[in-house]
Amino acid sequence: MTKKNVVTPRWGWALTGSGHFFTECLEMIRSLDHCDLFVSKAAAEVVRMYKHDLNLPDTIRIFKDTTASAAPVGGFYYNVYHTLVVAPATSNTVAKAVVGISDNLATNVFAQAGKCRVPTIVFACDTAPELETRAPKGMVMVYPRRIDLENTDKLKSFEATQVVESLAALQEAVERRKRELAEQG
């Protein structure tokens, strides 16, 4: 874990186990100046299934879900992060966030960001009754359940949490946050 140029505060980005715009999310991560990437166990599986790599700039540190207590979340207590992005966020991650379960790295960083009032952007995967998404062997149709859609709506009411429902909205939210941070100087 010896990366150079560790600047704080920095971006935190949690990857969950969804292939929904996974490649595009990795590209967005690569465009951030200073970021810590939190990779859940499910996200690590997606990286392998979709044959991605995590070749990232030296300014990006990678934390994998290897500790029971999700030790890397401690940085949220000490103002290491100005923003958390959870993208893509599976229905499982969204459901756990909505009911307050933080039992993996992604849900733990989401909970700690909330407790520390760190602005959070969540790109929820299940946002419409029908969606086309990428599976390891190509594009497929999925039909989110009513409970998945309800949980996405519930998450929108969380403090300091912006839920986005498309890749374009995620890109816009990240760019808006970059502008806010630049203005804060």
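At what angle do helix H3 and helix H5 pack, and how far apart are their axes? I looked this up before anything else. The model is predicted.

**Entry: H3 against H5**

I took H3 as residues 91–99 and H5 as residues 146–155. The packing angle is about 50°, and the axes are 9 Å apart. An angle between 35 and 65 degrees is neither roughly parallel nor roughly perpendicular, so I wrote the pair down as oblique. The crossing of H3 and H5 is left-handed. Next I listed the residues that meet. H3 brings Ser91, Val94, Ala95, Ala97 and Val98. H5 brings Asp148, Asn151, Thr152, Lys154 and Leu155. Sorted by class, this contact of H3 with H5 has five nonpolar, three polar and two charged residues.

**Entry: H1 against H6**

Helix H1 covers residues 22–30 and helix H6 covers residues 167–184. Their axes come within 11 Å and cross at roughly 15°. The cut-off for roughly parallel is under 35 degrees, so H1 counts as roughly parallel to H6. The crossing of H1 and H6 is right-handed. From H1 I noted Glu24, Cys25 and Met28. From H6 I noted Leu167, Leu170, Gln171 and Val174. The contact of H1 with H6 divides into five nonpolar residues, one polar and one charged.

**Entry: the sheet**

In what order do the strands of the open sheet lie? I read E3-E2-E1-E4-E5-E8, six strands with parallel pairing. Strand E3 (60–64) and strand E8 (161–164) stand at the edges. Each has a single partner strand, so one side of each has no neighbour in the sheet. Neighbouring strands are turned against each other by 20° on average, direction ignored.

I then went through the pairings.

- E2 (residues 35–39) pairs with E3 in the parallel sense over five bridges. Leucine 37 has isoleucine 62 in E3 as its bridge partner.
- E1 and E4 are parallel too, over five bridges.
- E4 (residues 81–89) runs parallel to E5, with four bridges. Valine 86 stands opposite valine 122 in E5, and valine 85 has isoleucine 121 as its bridge partner there.
- E5 and E8 are parallel and joined by four bridges. Isoleucine 121 has glutamine 162 in E8 as its bridge partner.

**Entry: cover on E4 and E5**

How many residues of E4 are buried? I found nine of its nine, and E4 is mostly covered. Strand E5 (residues 120–124) is also mostly covered, with five of its five residues buried. I checked E5 by face. Thr120, Val122 and Ala124 are on one side, Ile121 and Phe123 on the other, and all are buried. Both faces of E5 are therefore covered; buried means under 20% relative accessible area.

**Entry: glycine 12**

Glycine 12 is in strand E1, residues 10–15. Is it buried or exposed? Its relative accessibility is 0%, so glycine 12 counts as buried. I set aside neighbours within four places in sequence. Glycine 12 then contacts Asp36, Phe38, Tyr81, Thr83, Leu84 and Val85. I singled out tyrosine 81. It is 69 residues away along the chain, yet the two C-alpha atoms are separated by 6.1 Å.

Which two residues does the cis peptide bond join? They are alanine 87 and proline 88, with omega about -10°. Proline 88 lies in strand E4.

I also noted two positive phi values outside glycine. Asparagine 79 has phi near 60°. Asparagine 79 is in the loop between E3 and E4 and is exposed, with a relative accessible area of 62%. Alanine 160 has phi of about 55°. Its place is in the loop between H5 and E8. Alanine 160 is partly exposed, at 45% relative accessible area.

Terms used: Residues are numbered from 1 along each chain as its sequence is written. This is a predicted model: local features need pLDDT of at least 70, side-chain atom pairs count only at pLDDT 80 or more; totals for chains, interfaces and linings use all residues. Side-chain values use heavy atoms; hydrogens and water are left out. Buried means under 20% relative accessible area, exposed over 50%, partly exposed in between (1.4 Å probe, protein chains only). Contact means heavy atoms within 4.5 Å. Two strands pair if DSSP finds at least two bridges between them. Axes are lines fitted to C-alpha atoms, for helices over the stretch in contact, and angles run from 0 to 180 degrees between N-to-C directions. Angles under 35 degrees count as roughly parallel, over 145 as roughly antiparallel, 65 to 115 as roughly perpendicular and the rest as oblique. A crossing is left-handed if the near helix is turned anticlockwise from the far one by less than a right angle, and right-handed if clockwise. Ala, Val, Leu, Ile, Met, Phe, Trp, Tyr, Cys and Pro count as nonpolar, Asp, Glu, Lys and Arg as charged, and the others, Gly among them, as polar.
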